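Let's take a friendly walk through a protein chain, one piece at a time. Please have a look at the sequence and the fold below before reading on.

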Amino acid sequence: MNHPSGASRRRGPFRAGERVQLTDVKGRKYTTMLTREGYFQSARGSLRHSEIIGRDEGSVIETPDGHRLLALRPLLDDYILSMPRGAAVIYPKDAAQIIHAADIFPGARVLEAGLGSGALTLSLLAATGPDGLVTSVEQREDFARIATRNVESWYGEEIPPWRVELGDVADVLADLDDASLDHVILDMLDPWEHVGQAARVLRPGGVIVAYVATTTQMSRFVEDLRATFSFTEARATESQVRTWHLEGLAVRPDHRMVAHTGFLIIARRLAPGSEPLLEKRRPAKLAYSQPMPWDAPGAEHPAPRTISPKKLRRVLRDVDQRAHIERTGTAHRTPNAVEDEAKCTNPKGGRSATAPVDEAAARPAGDCAARREDETRAARGDLGGDEGADEHPSTHSEN
């Protein structure tokens, strides 16, 4: 499929191979990938994708059974909440806080430790733009593959400068030059382990950000930050978003809200030779018990959440299928396409996040490109394929 690139991806009529968000009269939202042979089905209405393709965004479509659906392209926060995920995502409300409170500016050099499913990366790339560089570090190859697919699906071929590094963030930080970064963002269980290296690679005035889930993690990170005497006093926040019911004069908060998801801790790098401004005051009683809870014998350390192999296989299958639909505009796949796709996929720059372990056995890049071209042409019917001969209902997700 010859999809538009850049801002043109968000404009014009709906096209096969792109996502659409359908909203019913109850406000339920469904995100689905449009295919030429696809069929959307829900309790609030069903229709063929061909009835959406070619229509302008914002169209209200009446289904054969009398229901009405609003068709729009999903916004970034809609996409983040509906995209396939392996690891938990940073919610849009927290990503917005990071972008603005940490001042992720156009052209910034940012290191993100903990790529996860790529939710924060989407906002970082939009903020740094074509003149910046985002380096994302992820230990798990399967998570990096999912995140890479999610970023590629949102940006298409014009992804702002981005590198994916597989491995330990300590090793990546050790390879960086002194004062070479503007921002270091630590979205991980033990961000305090990397405070020293972060201080070295941050320029004077650079920003360090930690995103943690518990007060114990927050306290330990801040205390280790203070112990370096290299940062300003940290500021910790959490954000809560509440929607409102609006109907004439019946204006009231909704009964549900997005409350605590995590704590943000932000501090800035001091110039070499400078010491932080410390207020001389007596700490609260028992504020510094001996030993601190995390140093006590038998103290439990945070453990990473596990994801079942079955769910992980499903998410990987979903992101590969979505990439195929975006490329061809059809859900039909040739035999062994999933396996070949994994062999031909690499993240933008950095180490491979999706190449097989035995890379020598993988197809050369030229063969992959030829296979993709043949698959695309076959889906369009240029190689004798019968377009739409097999109907595959496209999967959709409800936000």
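Start with strand β15, residues 263–268, which is mostly covered: five of its six residues are buried. Buried means under 20% relative accessible area, exposed means over 50%, and partly exposed lies in between, using a 1.4 Å probe and protein chains only. Helices (H or I, at least four residues) and strands (E, at least two) are DSSP runs, numbered from the N terminus. This is a predicted model, in which local features need pLDDT of at least 70 and side-chain atom pairs count only at pLDDT 80 or more, while totals for chains, interfaces and linings use all residues. Residues are numbered from 1 along each chain as its sequence is written, and side-chain values use heavy atoms, with hydrogens and water left out.

Now turn to helix α7, residues 215–227. Its 13 residues reach 18 Å from the first C-alpha to the last, close to the 18 Å expected at 1.5 Å a residue. The expected span of a helix is 1.5 Å times one less than its number of residues. The buried residues of α7 are Q217, M218, R220, F221, V222, E223 and L225. An α-helix has 3.6 residues a turn, so residues three or four places apart point the same way. What covers the buried residues of α7? The cover includes β10 (181–186), α6 (195–201), β11, β12 and β15, where contact means heavy atoms within 4.5 Å.

Just after α7 comes F229, with a positive phi of about 55 degrees. F229 lies in the loop between α7 and β12. At 47% relative accessibility, F229 counts as partly exposed. D103 also has a phi near 55 degrees, a positive value in a residue other than glycine. You can find D103 in the loop between α2 (92–101) and β7 (109–113), and with a relative accessible area of 48% D103 is partly exposed.

Helix α8, residues 309–328, has 20 residues that should span 28 Å at 1.5 Å a residue, and its end C-alpha atoms are 29 Å apart, which agrees. Among its buried residues are L312, V315, L316 and V319. After α8 comes G329, whose phi is positive, near 80 degrees.

How many aromatic pairs does a search of the whole structure find? There are two. Rings of Phe, Tyr and Trp (its six-membered ring) pair if their centres lie within 6.5 Å; planes under 30 degrees apart count as stacked, over 60 as edge-to-face and the rest as tilted. Y30 and F40 form an edge-to-face pair, 5.5 Å centre to centre with 65 degrees between the planes. This pair links Y30 in strand β2 (residues 29–33) with F40 in strand β3 (residues 39–42), 10 residues apart. Both Y30 and F40 are buried. The rings of Y79 and W154 have centres 5.0 Å apart and planes at 25 degrees, so that pair is stacked. Y79 lies in helix α1 (residues 76–82) and W154 in helix α4 (residues 141–155), so the pair ties together parts that are 75 residues apart in sequence. Y79 and W154 are buried too.

Next, look for H49 in the loop between β4 (45–48) and β5 (59–62). Is H49 buried or exposed? H49 is buried, with a relative accessible area of 0%. Its side chain reaches the backbone nitrogen of T35 at 3.0 Å.

Of its 399 residues, 45% count as buried. Among contacts between residues at least 6 apart in sequence, 68% join residues at least 24 apart.

Notes: A polar contact is a pair of N or O atoms within 3.5 Å; within protein, one must be able to donate a hydrogen and the other to accept it, and residues adjacent in sequence count only if both atoms are side-chain atoms.
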